[in-house]
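Here's a quick tour for anyone opening this one up for the first time. Have the sequence and the 3D view ready, and let's walk through the parts together.

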Amino acid sequence: LGLLAAGVVFQIPMARWRRASPLLLLAAIGLLVLVLVPGIGKEVNGSRRWIGFGPINIQASEIAKLFALVYIASYLKRHGEELRTANFRTSALALFRPMVVLGVLAVLLLLEPDFGSVIVLMATALGMVFLAGVNLWQFGVLQVGTVAVMAALLWSSPLRRARMISFLDPWANPETTGYQLVHSLIAIGRGELFGVGLGESVEKLFYLPEAYTDFLFAVLAEELGLVGVLLIIILFMTVVRRAFVIGRRAERLDLKFSAWLAYGIGLWFGIQALFNMGVNMGVLPTKGLTLPLMSYGGSSVMTM
């Protein structure tokens, strides 16, 4: 289904995507609102992130992230000169407007709650704005403000605060708050250099929760070892590099919208993969983010 969707998307000229960007943004907001409507949104493990259509569940945040990036790329195409101007008021206003839009999307995502998607979306959007040539002083202020807000959100939620504390020392409570990370680290440790063999993971059978989604990387490390993990990382690096090569070529041809969107998609893949791997290895706090193109989740696979 993902390949069929890619084939359809491949036939649509980039100009149409650019013209449709305001409608896509409204669609993204509409999907995130629908998820929160009782009877339409489906709740799983305490989070309301899915819209049910019979046997099919659509994760609205995955589609919303893509549509948001299309809008940001379109905005940078239209207002890029204003962002780069020496006039402080003009550049500040040009930087402020997309942040308001992202703020609306972030609030809707937090209501699900889906803090991981907020981090990925904000980091990707900030990366796109940086590559578009924003005033560095203003960008620095925006970054500090964004990090401060994220830190406040992290500490204001008892669940997120507990995850942060357990991330710092998962072995303190290995049977409760640290359970996922402890078993993820055990799985990675069992893999050693060449792994225990494809399909031979023990952790995925009885111990490691969400082994097919959030913690797939740990299972891959157990089965394929360090060599397999390095190969996976190289594959993701290749995808991100190709996206940036395409973006750079488009920029040289003055195809600004195509360039910013290619950069955005490359950043999205890279940041989300980095977060997923970091969570699995205990480098970052636990977040419910898929490993792009690999983790189970139809909405994630199709959108990616």
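β1 and strand β2 (residues 47-53) pair in the antiparallel sense over four bridges; two strands count as paired if DSSP finds at least two bridges between them. Within that pairing, Gly41 sits opposite Ile51 in β2. The strand and helix names come from DSSP runs numbered from the N terminus, with helices being H or I runs of at least four residues and strands being E runs of at least two.

Zoom out and you get an open sheet of three strands in the order β1-β2-β3, paired antiparallel. β1 (41-44) and β3 are at the edges with a single partner strand each, so one side of each has no neighbour in the sheet. From one strand to the next, the twist averages 50°.

## Where this comes from

This is a predicted model, in which local features need pLDDT of at least 70 and side-chain atom pairs count only at pLDDT 80 or more, while totals for chains, interfaces and linings use all residues. Residues are numbered from 1 along each chain as its sequence is written, and side-chain values use heavy atoms, leaving out hydrogens and water.

## Helices on the sheet

Helix α2 (residues 14-35) packs on the sheet, touching β1 and β2, and its direction makes about 100° with that of β2. Meanwhile, α3 lies across β2 and β3, running at about 40° to β3. For these angles, axes are lines fitted to C-alpha atoms (for helices, over the stretch in contact), and values run from 0 to 180 degrees between N-to-C directions.

Of the 25 residues in α3, 18 are buried, meaning under 20% relative accessible area with a 1.4 Å probe and protein chains only; exposed is over 50%, and partly exposed is in between.

## A strand residue worth a look

Gln59 is in strand β3 (residues 56-59). Gln59 is buried, at a relative accessible area of 13%. Beyond its neighbours within four places in sequence, Gln59 contacts Arg49, Trp50, Asp114 and Ser299, where contact means heavy atoms within 4.5 Å.

Most residues other than glycine have a negative phi, and most peptide bonds are trans. Asp254, though not a glycine, has a positive phi of about 65°, and Asp254 is exposed at 52% relative accessible area. The peptide bond from Glu112 to Pro113 is cis, with omega near -5°.
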